[in-house]
Amino acid sequence: MENLIIRNETAGDQREVERLIREAFWDVHAPGCAEHYLAHILRGHPDFVPELDLVVELDGQVVGSILYTRAALEDEAGERKTILAFGPIAVHPAFQRRGYVKLLIERSLARGRELGYEAAVIFGNPDNYASSGFKSCKNYNICTGDGVFPAAMLAKELCPGALDGRKWTYCESPAYQFDPADAQEFDRQFPPKEKGWRPSQEMFYIMSHASLQ
């Protein structure tokens, strides 16, 4: 990995990052994708954390990206703790399965700890994130506003003991809410791609609708 650099994204990287996110997510969760549009709008949101907007550069080419927002946990007494959430995280398909996702996660979370954040909560496939120390939200007594423990909601303490056993409700940033029609319109700025079906779409549906008892 002599020619590999992990650095902050620059304004000049943004369109290239959006292209690689589009390639990485196309047809994975649904026909087509909206993750590149999400990256585009996150950068302008008040909850965006620019210090943790990182890219992987290999031999001068940007091949991976991770973006963060602030989120919150609220306990039963109404006390709130500001935490981190990331996504989209992507590596171009031609460079996947080389450990770059784990590098991005570990480097960015270490920096997040330096910035004073104590925990991170994400939604994703546990197979992809358990090796980076993420555990089921139920292990930390973190649920959604309706009291559900989603199977895809994962958490990690950046400071030991930060999630101290209290019941927490996860409060996602509104940055992740967008109109799908706007995402479709944004996608027209890129070369046309045919949408299709993959088995991963069914797996995503199952995981995103599953909950723990």
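**Surface patch, ring pairs and a charge over a ring**

M203, Y205 and I206 make a nonpolar surface patch of about 340 Å². The model is predicted: local features need pLDDT of at least 70, side-chain atom pairs count only at pLDDT 80 or more, and totals for chains, interfaces and linings use all residues. Residues are numbered from 1 along each chain as its sequence is written, and side-chain values use heavy atoms, with hydrogens and water left out.

Patch residues have over 30% relative accessible area and no salt bridge; like charges are joined within 9 Å, nonpolar side chains (Val, Leu, Ile, Met, Phe, Trp, Tyr) within 5 Å. A salt bridge puts a side-chain nitrogen of Lys or Arg within 4 Å of a carboxyl oxygen of Asp or Glu. Areas come from the Shrake-Rupley method with a 1.4 Å probe; for residues, only the protein chains shown count as cover.

M203 sits in helix α6, residues 199-209. Helices (H or I, at least four residues) and strands (E, at least two) are DSSP runs, numbered from the N terminus. M203 has 55% relative accessibility, so it counts as exposed. The classes are buried (under 20% relative accessible area), exposed (over 50%) and partly exposed (in between), with a 1.4 Å probe and protein chains only.

Next, helix α4. N128 belongs to this helix, residues 126-129. N128 is partly exposed, because its relative accessibility is 45%. N128 and K102 are 26 residues apart in sequence; their C-alpha atoms are 8.8 Å apart in space.

Now the rings. The whole structure holds 8 aromatic pairs. Rings of Phe, Tyr and Trp (its six-membered ring) pair if their centres lie within 6.5 Å; planes under 30 degrees apart are stacked, over 60 edge-to-face, the rest tilted. F86 and F134 are edge-to-face, because their planes stand at 85 degrees, with ring centres 6.0 Å apart. F86 is in strand β4 (residues 80-91) and F134 in the loop between α4 and β6, so the pair ties together parts 48 residues apart in sequence. Both F86 and F134 are buried.

F123 and Y170 form a tilted pair, 6.0 Å centre to centre with 50 degrees between the planes. F123 lies in strand β5 (residues 119-123) and Y170 in strand β10 (residues 168-171), so this pair ties together parts 47 residues apart in sequence. F123 counts as partly exposed because its relative accessibility is 42%. Y170 counts as buried because its value is 8%.

Ring pairs also link Y37, F178, F186 and F190 into a cluster. Finally, K138 lies over the face of F149, 5.4 Å from the ring centre. The criterion is NZ of Lys or CZ of Arg within 6 Å of the ring centre and within 35 degrees of the ring normal.
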